[in-house]
Amino acid sequence: TLGNHDASGALSVGNKFLFGQERNLAAAYWNNPKNDPGLKFVDKTGFPFYYSFEQNNIFFLVWDASTGRVPKAQVTWAEKALSSSVAQKAKMRIAIGHLPLYGVAVGRDEAGEILADNEQLRSLLEKHNVHTYISGHHHTYYPARKGKLELLHTGALGSGPRPWLNSSLRPINPLTIIDINLKSQATTYTTYNMRTLEVVDQKILPRTITSVVGTIVRRDLKTSDLTPQERSLLKL
């Protein structure tokens, strides 16, 4: 999925792409048959900016979240794509975008760094039984959930890892491998600290993270595990 440093969808005052040349180059490269990624596309119309594909009975939806707002036309497209028979017959649905729905990192907890209309977008994904939304941008690894939606904030493998909100932990460079059990509809994360090659114990991460747009909870915690204060933050 393209991000703000790849081919940003940022618009000028005249509603023209600020990085139009970069977007043209990205489109030309990825639509060149020599660079075919080998995906089983369901809808390639907006590739590489937004598209859907199917892999191993999993339906993947990618939208252009390279700025603080997913374009309205793409939200409409996503609704149609996720409600399609192909998506609903799949054994799991996963959505991917660069910016997250909720803030997790110091220095990124503000408008423009988190997707606008985040609750509406979450409701859209939940409505169509999307299992997980995978995002980057905040450079902070945090496996979370909000309502029925799981959230994987992937962190930064390269330079610029950021510390967590509500935590004094030192930043890490993580790499996450996801194992999927379609029968139980469960995912298992194995995340490595690539500086030490040690497996990251998610239990050292903050139990909850509160940003300007709301609170999310670490995904291993059940509602029964939460304190009254945590439930209050999550509005449970």
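Which residue lies over the face of F17? In this predicted model, in which local features need pLDDT of at least 70, side-chain atom pairs count only at pLDDT 80 or more, and totals for chains, interfaces and linings use all residues, that residue is R23, at 4.3 Å from the ring centre. Residues are numbered from 1 along each chain as its sequence is written, and side-chain values use heavy atoms, with hydrogens and water left out. A charge is taken to sit over a ring if NZ of Lys or CZ of Arg is within 6 Å of the ring centre and within 35 degrees of the ring normal. A further such contact involves R219, whose charged end sits over the ring of Y189, 3.7 Å from its centre.

Eight aromatic pairs are present in the structure. Rings of Phe, Tyr and Trp (its six-membered ring) pair if their centres lie within 6.5 Å, with planes under 30 degrees apart counted as stacked, over 60 as edge-to-face and the rest as tilted. F41 and F47 form an edge-to-face pair, because their ring centres are 4.9 Å apart and their planes stand at 70°. F41 also pairs with Y51, with centres 5.9 Å apart and planes at 70°, so this contact is edge-to-face. As F41 belongs to strand 1 (residues 40-43) and Y51 to strand 2 (residues 51-55), the pair ties together parts that are ten residues apart in sequence. Helices (H or I, at least four residues) and strands (E, at least two) are DSSP runs numbered from the N terminus. F41 is partly exposed at 22% relative accessibility, whereas F47 is buried at 7% and Y51 is buried at 9%. Buried denotes under 20% relative accessible area, exposed over 50%, and partly exposed in between (1.4 Å probe, protein chains only). One aromatic cluster is formed by F41, F47, Y51, F53 and F60.

The largest nonpolar core comprises 46 residues, of which W63, L101, L115, L125 and Y133 touch the most other members. Such a core is a set of buried Ala, Val, Leu, Ile, Met, Phe, Trp, Tyr and Cys residues joined through side-chain atoms within 4.5 Å. Elements giving two or more residues to this core include strand 2, strand 3 (58-62), helix 2 and helix 4 (118-127). Strand 3 supplies the largest share of this core, five residues. L82 is located in helix 2 and is buried, with a relative accessible area of 1%.

The largest pocket has a volume of about 340 Å³. Of its 17 lining residues, G9, F17, D64, P71 and Q74 are the closest to its centre. Helix 2 (residues 72-83) contributes the largest share of this lining, three residues. On a 1 Å grid over the protein atoms alone, a pocket is an open set of points with protein on both sides within 12 Å along at least five of seven lines, and lining residues have an atom within 4 Å of a point. Grid points are joined across faces, edges and corners, and a volume is the space filled by probe spheres set on the points. The second largest pocket holds about 230 Å³ of space. It is lined by 17 residues, and H98, G136, H137, H139 and G155 lie nearest its centre.

Key
On a 1 Å grid over the protein atoms alone, a cavity is a set of points where a 1.4 Å probe fits but cannot get out, and a pocket is an open set with protein on both sides within 12 Å along at least five of seven lines; lining residues have an atom within 4 Å of a point.
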